[in-house]
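Thanks for coming. Please have the sequence and the model open while I go through it.

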Amino acid sequence: MKSAFRTRVFTAVVTATLGLGTFSCQNDLLNVKPNTQLDGGLAFDTPSRVLAQVNGLYSYVKVGSFLGGRYQIYGDIRANDFINRQNNGVTGLLVWNHTLAETSSNDVTSVWGAAYAAINQVNVFLAGLDTNAGKFGASPFPSGYASTVAGYRAEARLLRALCYYSLLQLYARPYIDGNGSRPGLPLRLQAEFGLGNNDLARSTVGQVYDQILLDLNAAEQGLPASQGGNNVIRAHRNTAIALKTRVYLTMGRYSDVITEANKIVPTSAPYVAANGGVANGLNSSITAVFAPPQETTESILSFPFTAQDTPGTQNQLAFYYLPSALGGGGEYSLNTAAGGILANPGFLSTDVRRTSLVAAVGNERFLTKYPTGTPFTDKAPVIRYSEVMLSLAEALVRTNGAADTRALALLNAVRTRSNSTAYTAFTSSSDFIDAILLERRIEFLGEGIRNIDLMRLNATIPGKGSVGDVSPSNPLYVWPIPSTELSANTLMTRN
Amino acid sequence: MRKHLLPLSAIVLVLGARDLHAQTRAVSGVVKGSDGATIPGATVLVKGTSLGTSTNADGRFDIQVPASANTLVISYVGYTSQEARIGDGKLNITLEANSTSLDEAVVVGYGTQSRRELTGSVATVSGKEIANTPVQSFDQALQGRAAGVNITTPNGVLNNPPVIRIRGANSIALSSSPLFVIDGIPTYSGNNSAVGSVPNNPLANIAPEDIDNIEVLKDASATAIYGSRANGGVILVTTKRGKKGQARLSYDAWAGVTRPVRLYEVLGAADYVNLKNEAVRNLNENRRRATGTVGTNIEGFGQVAANAADTRWYDYIYRTGFSNNHNLNFSGGTDKTTYLASVGYSNQKGMLVRNDFRRYSARVNVEHKLFDRLTLGARVNYSNSLNSSPNSGSVGDGAFGTAGLGRLPLVLPPNIAPFNADGTYNTNGAGIGAGPNINPGTGAPLLPGYYNPLVDLENNYFTSESNQIQGALYADLEVVKGLHLRTQYGIDNLNFEDKSYFTSLAGDGFSTGGSASDYYRTNKRWNWQNTAQYDLSAGEHNFSVLGGTEQQYTDVQRWGATRTQVADPFFTTFQGNYLNIAASGNAQGANYLVSFFGRFTYNYARKYLFTATGRRDGYSAWFNKFGNFYGLSAGYVVSEEGFWKNSNFAQAFDFLKFSGSFGTTGNNQGIDDFVSLPLYNSFLYGSSSTFYYTQAANPNIGWEKSKKTDASVAFGFLQSRLTGDATFYYNLVDGLILNVPQAPSRGIPGNSIPANVGSMRNKGFEFNLRYDVLRDKAFNWTVSGNLTTLDNRVLSLLFDGQQIPGSTSGLETANYTTVGRPIGSILAVQNAGINPANGQRMLVKADGTLVQYNHLGTSGAGSTGWTVVSTGANTPAPTQLADGVFYGPVLPTFYGGLDNTFRFKGFDLGIFLQYSGGNYIYNGTKAGLHDQRFWNNATDIKNRWTADNTNAEWPRLVYGDNVSNGSNIIMSQNVEKGDFIRLRNVSLGYTFPSKTISGLKLSNARVYVQVQNAALITKYSGIDPEISVNGGSNLAPGVDRNSIGQARTFTGGLNVSF
């Protein structure tokens, strides 16, 4: 009997349990949320989150596959100053070889994808600022936050302009080819979230440049004069001005280059901006500019890395250029053969940029501009003051001819800080311009400027080793449009 | 011993007990099986009545029978029923084991059914068939064992999860793998390791020897009870239990050796040097023709004589691995309690150097009848397994890695030595040193850029260790006759510690100055099931109703860190001193499933069968939480009809059943836990924190639904000596979740958004046949085989012309999934062979133009190396998307197994063949083996075009040419058929006669030898036609890229019981 009773009790317990089990469907568990990712609705709720999003935009532009390393590398290795040592398809071999296909994923697809990912982050952020504008007038936002927002907006637009400009240099014909009439890029300016909107035709090169200038002009208006301790890694007013000199130079609008450069380059030495913003200027020593942490006022914009925030495997500038004996990966050595910059008589053996930024290992020569091996924390340079000076010099010569003394002073200022031999005078504009271009090649070796300088003049990309020249008429002169874009965007056209 | 069908025999007993007042005479006896062991629980019925009893734990029975009775019918599931005349003395009855499977109890979701009455499609594999095979996880041993279940071994790395596709690919973006349920609790499967080089399949935590049997649920009727998780089918594993009255200690052990087979023949040093220098000469000739000036490339191979070597890289990478495996179990039972405890140890060494797997396992299964109507039970398994592997390049995304051991022996120049003269590693920076080779273009030493495999093998390590506790406690209460309430609470906690270490000497750790990573992952799951089942028989009407609920919560967390710049090479563990540390591998997820389900089965006289199943599931990842799933099935056992039974052919044709089913199931396996939420992630910009938009939410996303239709016929001939079935299946998967590719210019994170947009169907036939060819006391021969056909078609995608690429390691895209074609078909530009006139590779463009490639040998406007064969005019390079032709399907269209078992006296011989075919493979490895960079080549490259050999297999060699071989463009030259027959397992055993061993107190002793992967017949030119470098990827299946093949394993073992 006892056991029968116990059975009954047990039956009751079990029945109750079953009932409970059936109806205790747990609602909180059915709506479980992540605790490492933020719900999108909360992203604009505090000033620190909005600021973190601004930093997020920079982090997107400086990913290793884009302006955190590879973009600069591709800009140099397309031409003839570097030799591919490792035959590795992942580390730029196809770029170096001019064998890119529209499916080449490490370069053609990834640069495109990284740039547009950054562009959409900008667009989403700008849209979010609009949608959430109502929040910014009240706590926890401080009073006067509207001007902070205006600054953020300007930073975002500057980064968008930088992305579009960078893309144009690889995926579109130069502006000079048809005066901007050739096919440019799909111009994405609205925030993209859900399904749809895949199809968007290419705007012309000129239309994309128009947008870049619209963004940069707006950025110049909205940016703060200084970013305090972050002047190298975040955009301030001079950054917008400096980028405009590059954009106008690329478009061949030399008088505009002069106008912009004049805002930050004084008529004579010392070359330090005196426009009330950051005192960007020409440093007396090129080695100081590239000595970690690479934060002299000559660096107008560079992207930072730390041991926690690294460029990622096979993206690091030092990994590509620094020889393994010095902690790099030695992916590319400097071309010592005829045609390469080291064989150029204009690059004197006493030039500091040669004695201090080039190392010999065996019979090979390596660029040591990026001196830090693992964890590869050298900053990735975007634009330096000396570039604005040389752009200005070139624009002056192209406008005023070989006799322009300011242009000569600018060229010599950059040259003589590393090389004791100053130019005295030039008899022709073309000699003068060749000297400026050579100086740019030497000065910005490994900074990704070479491709820009070749393309903007529609010049042949010189060959090296067994790799031939690529003339502007060659379809390989510009990169193919990635197949991923072509397959998803039915209005997209091939290069 | 077969399983026991509890509900039915219980009913018989109860009915018998009611009529006891008619008794007049006592009869007793003992029932044994043909192996001499007594059979507890056998049914003893008085013929022509419903009077009966069952045997006790010792196989004995006592029964009171009417005076008129003269015959007893003794039956037990798995044995042929026997009649015994009632005489005066005690009856001694020996039942013959019935090798037909018609009466087997089949485990279905939340219960069992007999195969005879089953209307759903369920395949059963007995534990015996897979025990003692040299595998790490039991699923690897299921290859070819069950119709409809296609299992491929994607590579030869130990504990790599096999790719399992039940009736074809069932998803595109989600997992197509089945749900694994261990003793009622869904468990984890697939590769769970955080370290790319070393796979870890948690199913290896179950010792194969502990498995009693495995059921594969395939159609809607069988799977709908698992509702939203059942699109890919369900694999139910039942572990062994103790049996009443048979206290027994068993020991199983095997040991063996593993060796590589079918390695590619690659060039030796002398051939390498000659052919590469020939290629340089040809390049110079090309430059001369194109530019008018002589090419200046140096014939630099083998230039530095001092460093010359002739290295067979395979010798350093492969080995003969020794393995051993032990399992000890102790089991038994009384009327009230059954128990089984087992411990296992497995130590397996693969054919790759330092690829080792080790497992300790322990299991306790007990069941106790607390009261007459209350049964309690527990099943607990603890297991610790450790897998270590060098970087094989065959797992994860490693196909194109510069450290992959599948690839290194193929690309590394044979004239480079692994060591310098002083015994140090031959390295240069991260890579291997140049050896005697000079870069033809620059004159500098030719650095391969690939790693020295010896540095990796001797210094680096990658391990994944898991600890898993898996168990459940259950109680079953029979409230009233036939009504069982059952509750089961289970946990499945699985922890992983995954480690990697890279030396700073060279290789992947060089640029980081040495690094160590450690990841710790916890998977915690609880699962609570409550069911009520009511079985009722009234006359010929048999009903069974099941209702239940299930809740399951799974929490997954992983954290980890990577330390770089080792302070001193002395430190080789994560805990040592390093200069930097960065968080890595952090992940968090949680999901919850709540379900309500029911099943109703009815049969009339075991003749007309009907089953209806329904399930309503709520899942946390969706915005719209709930979905409904159902299955309906019906069967007609014609052979139970009176006209059949009484016909004169009934003896010969004794069983015939028609059945069919229809229903829906769902799939959420592999969906992200937070897929329907818009999310922002946080990281760093320099030293500042960031937030950025990381997930575009699609609130409309929900289950992929599969509509499954089945029609089946099952039959038995010759007293079921010949049994078989044939099934037609049609499986329409609707609402396929696709990561809808977004134009990259939209900048959507990940460039895709998941949405339910596609549909796909799989249809085909399954055949099973089993024939006891010879049933003789001394000689027995059984043949069983299965065959499945598969016709897979993608019916719709986002839009008709959509081509979804499937990439290999993100670097090569051979597969495209399009509407109207099988999933993952290969898109390749058509090869037109070698132009005999000039040795150039010819391809066909979409418009039919025949074009040819001459590396760096063309000039003039539009020079790309490609010219039109007929005119010699420059032409743009053909492209895969514009000019490619589809080759498919990539999944086998037919596959199966054929098992022959012979027994002669004590000897048994098993020959098991597995076959598969109808599919295409993209052999990317072959492209690499004929690449004209410095890479080594397969020996068949000697048949290249030269002026004297114009009818050649391979083009004229031009140094640097990576186009003509297919490295740069996917061409049909490297697309091959994948048909094969594999002699998967041959085993020869000997069971000692009981007389011989009884003196040793042994009840059973068997010794055996076996060969796993004994032979392979295929026209496929690669290492192994089963290779799938992308594992279970739905979009990029059938790609062979630098992976290692399957090993051959010889083992010998013994099984003894006391």
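**Notes on a two-chain model**

I start with Ala261(A), which counts as buried at 0% relative accessibility. Buried here means under 20% relative accessible area, exposed means over 50%, and partly exposed is in between, with a 1.4 Å probe and protein chains only. Before going on, the ground rules: this is a predicted model, where local features need pLDDT of at least 70, side-chain atom pairs count only at pLDDT 80 or more, and totals for chains, interfaces and linings use all residues. Residues are numbered from 1 along each chain as its sequence is written, chains are lettered from A and ligands numbered from 1 in the order in which they are written, and side-chain values use heavy atoms, with hydrogens and water left out.

Back to Ala261(A), which sits in helix H10 of chain A. Helices (H or I, at least four residues) and strands (E, at least two) are DSSP runs, numbered from the N terminus. Not counting residues up to four places away in sequence, Ala261(A) touches Thr245(A), Val388(A) and Leu392(A); contact means heavy atoms within 4.5 Å. Ala242(A) is 19 residues from Ala261(A) in sequence, and the C-alpha to C-alpha distance is 6.9 Å.

Now chain A as a whole. It has 18 helices and 9 strands, and its C-alpha trace spans about 120 × 55 × 45 Å along the principal axes. Chain A has 495 residues, of which 61% count as buried. Take the contacts in chain A between residues at least 6 apart in sequence: 72% of them join residues at least 24 apart. The accessible surface of chain A is about 16500 Å², and carbon and sulfur atoms account for 56% of that. Those areas come from the Shrake-Rupley method with a 1.4 Å probe; for residues, only the protein chains shown count as cover.

On charge, chain A carries 39 positive and 35 negative side chains, and the centres of the two sets are 6 Å apart. Lys and Arg count as positive and Asp and Glu as negative, while His and the chain ends are not counted. The place of a charge is taken as NZ of Lys, CZ of Arg, CG of Asp or CD of Glu.

Leu30(A) belongs to helix H2, residues 27–30, and is buried, with a relative accessible area of 2%.

Next, the nonpolar cores. Which residues touch the most other members of the largest one? They are Tyr171(A), Ile212(A), Val265(A), Phe303(A) and Tyr321(A), in a core of 154 residues. Helix H7 of chain A, residues 145–171, gives the largest share of this core, 16 residues. Another core, of 45 residues, lies apart from it, and includes Ala279(B), Val353(B), Leu405(B) and Leu454(B). A nonpolar core is a set of buried Ala, Val, Leu, Ile, Met, Phe, Trp, Tyr and Cys residues joined through side-chain atoms within 4.5 Å. As for Ile212(A), leaving aside neighbours within four places in sequence, its contacts are Ala161(A), Tyr164(A), Tyr165(A), Leu168(A) and Val247(A).

Backbone geometry next. Chain A has a cis peptide bond between Ala269(A) and Pro270(A), with omega about -5°. Pro270(A) is in the loop between helix H10 (254–262) and helix H11 (286–290). The bond from Thr374(A) to Pro375(A) is also cis, with omega near 5°, and Pro375(A) is in the loop between strand S8 (364–367) and strand S9 (380–384).

In chain B, two non-glycine residues have positive phi: Arg262(B), near 55°, and Lys905(B), about 50°. Arg262(B) is in the loop between strand S17 (248–259) and helix H4 (269–291), and is partly exposed at 34% relative accessible area. Lys905(B) is in the loop between strand S49 (894–904) and strand S50 (907–917), and is exposed at 64%.

Also in chain B, Asp931(B) is buried at 0% relative accessibility. Its contacts, not counting residues up to four places away in sequence, are Lys276(B), Asn937(B), Asp961(B), Asn962(B), Asn965(B) and Ser967(B).

Last, the interface. Here 88 residues of chain B are in contact with 90 residues of chain A. The area buried between the chains is about 7500 Å², with 61% from carbon and sulfur atoms. Buried area is the accessible area (1.4 Å probe) that two parts lose on being put together, summed over both. Tyr680(B), Tyr685(B) and Arg746(B) supply 12% of the area that chain B buries against chain A, more than any other three residues.
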